Amino acid sequence: MHLDSVESAGGRLGAVLSTPRSGFVRLSPGGPWLATTPELVRQVLATPSDFDFPGDVSRSGDLSGSVGDTRSGHSVFAPVAPAQVAIGTEVFARQWRLALDEHDRAAPGRPYDAMELLRRPVARSTTAAVLPSVDESQRDRIGDLALAWIDALGPVIAARRPPRRWSRTRRTEEAARTALEVALDALPGRVQPAGELAALLAAGIQVPIAAGAFLIAWLAGADVPDADPTHVVWETLRLTPPTWITARVATGEVDVDGTSLPAGSLVLVSPLLLGRLDELVPGGDLAAFRPDRWHEGDRRPGAWLPFGAGPHACPGRNLGMAQLTHLAAWGQLLDISLSERATIDQSRGIAPLPCRFSVATRREVPS
Ligand code: HEM
């Protein structure tokens, strides 16, 4: 059993991957533009005066070509500080062990479901890092509310057309968001607005869950016990960055590199596309999962921007890396196999679905 090939994926992902890498490319007449070179992508992400966020953040991965308004004034998040990363990492390690033990007690011998199993460890880890001074039981409750909001947001993001304001999908999402914001509002000494904290939690939980599941799926097809766990993480984020595409809207007419983009143009950038460029990735055979490619060579992992770039680059990058590095170090010591074929779900970023796996001992696992 294996993870489906990204290179032969259909849908939006396939369309983006098969685009010629020739600068700004229009994906369909009247449709969005795709920036296909590292220089253009950096320019789009690092120049918010020319390229702003689309109005509806919850659907910014939408490739429909809709011309949206922008949301200038979107606040910039401070990076999660090293002390907070340390707290989140410790919580992740503890909760991951607990999740495995609980599964083994409740359903011994049954496959694990990576997308399910990662939920609580990631939610609790990210919540602990973001709210380090809140007591543990309250934090865990907030982590559960954030998961509930993420679940309710799924159908909003996956819908082909934005669901109407009063549709059941929107109402469910709004109720889940309100429940989370009310709990955050009630925290003593809170300095960040509840809405901002909620966004930070949702982004910092949903994405690492998908990344962690991909990491497990890649390890299942590989034999890399001695690879540097950080290289395992980079290779996962190269081949299957969960935020594989993101969008900006041209604030006015922008002239870049000989192409004139009209005001309101939707411009897409894709870390997944950049991660398949020879100029950014050493070692050749770019569709293969080969963590050792980062062992030598002078190219910097991350140049394909799996955490974005510019003022809206990921503030939780170090925490995400720490969670995934712990997971890699755990998984590399085991013999992981997928219990069934994992497909690449494109309904919200990308995620492996289903991602059921079993493990056998490869060598002694440190306690
Ligand atoms: C493997 C883990 C992660 C990956 C791959 C990842 C990836 C990304 C990417 C690509 C962006 C930029 C999106 C864009 O430019 O439109 C982003 C933004 C963001 N990420 Fe992460 N992220 C991860 C973990 C986290 C964590 C742990 C947190 C919170 C603690 C977090 C919070 C955020 C927030 C709040 C934003 C929006 C920033 C803004 O709009 O200014 N992320 N992330």
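Hi everyone, let me start with the ground rules. The model is predicted, so local features need a pLDDT of at least 70 and side-chain atom pairs count only at pLDDT 80 or more, while totals for chains, interfaces and linings use all residues. Residues are numbered from 1 along each chain as its sequence is written, and side-chain values use heavy atoms, with hydrogens and water left out.

Helix and strand names come from DSSP runs, numbered from the N terminus: H or I of at least four residues for helices, E of at least two for strands.

Let's begin with the iron. Which protein atom is its donor? The ligand's iron atom has a single donor from the protein, SG of Cys314, 2.3 Å away. Donors here are N, O and S atoms within 2.8 Å of the metal, or 3.2 Å for Na, K and Ca; water is not among the atoms, so sites may look incomplete. Cys314 sits in the loop between α10 (271-274) and α11.

Leu305 belongs to that loop between α10 and α11 too. Its phi is near 60°, a positive value in a residue other than glycine. Leu305 is buried, at a relative accessible area of 8%. By buried I mean under 20% relative accessible area; exposed is over 50%, and partly exposed is in between, with a 1.4 Å probe and protein chains only.

Now to α11 itself, residues 317-332. With 16 residues at 1.5 Å each, this helix should span 22 Å, and its end C-alpha atoms are 22 Å apart, which agrees. For the expected span, we multiply 1.5 Å by one less than the number of residues. Several residues of α11 are buried, including Leu319, Met321, Leu324, Leu327 and Trp330. Who covers them? Among the elements covering the buried residues of α11 are α3 (82-106), α5 (119-130), α8 (194-220), α9 (229-239) and the strands β9 (334-338) and β12 (356-361).

How do α9 and α11 meet? Their axes come within 8 Å and cross at roughly 110°. Axes are lines fitted to C-alpha atoms, for helices over the stretch in contact, and angles run from 0 to 180 degrees between N-to-C directions. The two helices, α9 and α11, are therefore roughly perpendicular. The cut-offs are under 35 degrees for roughly parallel, over 145 for roughly antiparallel, 65 to 115 for roughly perpendicular, and oblique for the rest. Contact means heavy atoms within 4.5 Å.

Staying with α9: 9 of its 11 residues are buried, so α9 is largely enclosed by the rest of the structure. Its cover includes α8, α10 and α11. One α9 residue I like is Thr236, buried at 2% relative accessible area. Leaving aside neighbours within four places in sequence, Thr236 contacts Ala211, Phe214, Leu215, Trp218, Pro241 and Phe289.

That takes us to Phe214, in helix α8. Phe214 is buried, with a relative accessible area of 0%. Not counting residues up to four places away, Phe214 touches Leu3, Thr236, Thr240, Ile344, Ile350, Ala351 and Pro352.

The contact involves, among others, Ile87, Phe92 and Trp96 of α3 and Pro121, Arg124 and Val130 of α5. Here too, α3 passes α5 in a right-handed crossing.

Finally, some backbone details. Most residues other than glycine have a negative phi, and most peptide bonds are trans. Where is the cis bond? It joins Leu353 and Pro354, with omega about -10°, and Pro354 lies in the loop between β11 (351-353) and β12. Asp257, in the loop between β6 (254-256) and β7 (259-261), has a positive phi near 50°. Is Asp257 buried or exposed? At 64% relative accessibility, Asp257 counts as exposed.

Conventions:
A crossing is left-handed if the near helix is turned anticlockwise from the far one by less than a right angle, and right-handed if clockwise.
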